[in-house]
Amino acid sequence: MSKVLVTYATKYGSTKDVAEKIGETMRGKGDDVDILSVSDAGAIYGYDKIVFGAALYAGNISGPAKKFLTRNQAALSAKPVSFFVLGPINRDAKDMTGAEEQMAKVLAKFAWFKPAASKVFVGKFDASMLKWPLSLLTKAKGTPLYGETARDERDWDDIQTWAESV
Ligand SMILES: Cc1cc2nc3c(=O)[nH]c(=O)nc-3n(C[C@H](O)[C@H](O)[C@H](O)COP(=O)(O)O)c2cc1C
């Protein structure tokens, strides 16, 4: 039985849901799993394995997600880590490829961070959760969120399959 940390950075909650699904799936395999936000994760040396998830916003991960990486560089370099991002808000192949490119750019910024597995999952979007000025993004022609109101195409089978493999 491995002691596993599944940790996530979220602004609107969807990455937390995915982290919980991954953690529950790993528990089903017999792992001893803690599921914690990056701000609650504290010291991570005690874990055999770490799964870290963050969402993409304007091509980048959030400040707390970056801080988690920087703060834990030593432990994350010494442990098996699996990394996932939530990105596109639909399953369109072009958007998935775009998010994979964004993930690769994030990884390039943290050159020491070499996760054993990395994966993009479809995310969730709810325009009613955006505060001004971000709420303007759905009204600005040319932005990827133009005209979007709400969408949740998260692929729970894909998420479960990946969780079983890490
Ligand atoms: C302001 C904003 C910017 C976003 N930018 C990107 C992006 O650059 N690339 C991408 O793939 N997804 C982008 N998304 C989609 C989010 O990654 C997706 O909604 C994700 O599920 C949000 O995660 P959270 O609910 O954990 O915060 C963006 C969403 C918002 C609200």
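**Exercise 1.** Which residues are buried in helix H5 (residues 156-165)?

*Solution.* This is a predicted model: local features need pLDDT of at least 70, side-chain atom pairs count only at pLDDT 80 or more, and totals for chains, interfaces and linings use all residues. Residues are numbered from 1 along each chain as its sequence is written.

Step 1. Apply the criterion: buried means 20 or more other C-beta atoms within 10 Å of the residue's own, exposed means 12 or fewer, and partly exposed lies in between, with C-beta atoms placed from the backbone. Helices are DSSP runs (H or I, at least four residues), as are strands (E, at least two), numbered from the N terminus.

Step 2. In H5, Ile159, Trp162 and Ala163 are buried. They cover an arc of only 100° around the axis, so they lie on the same side of H5; the arc is taken from the directions from the helix axis to the C-beta atoms.

Step 3. Asp157, Thr161, Glu164 and Ser165, on the other side of H5, are exposed.

Step 4. The partners of the buried H5 residues are H1 and strand E5 (117-121). Contact here means C-beta atoms, placed from the backbone, within 7 Å.

Key: Two residues are in contact if their C-beta atoms, placed from the backbone, lie within 7 Å.
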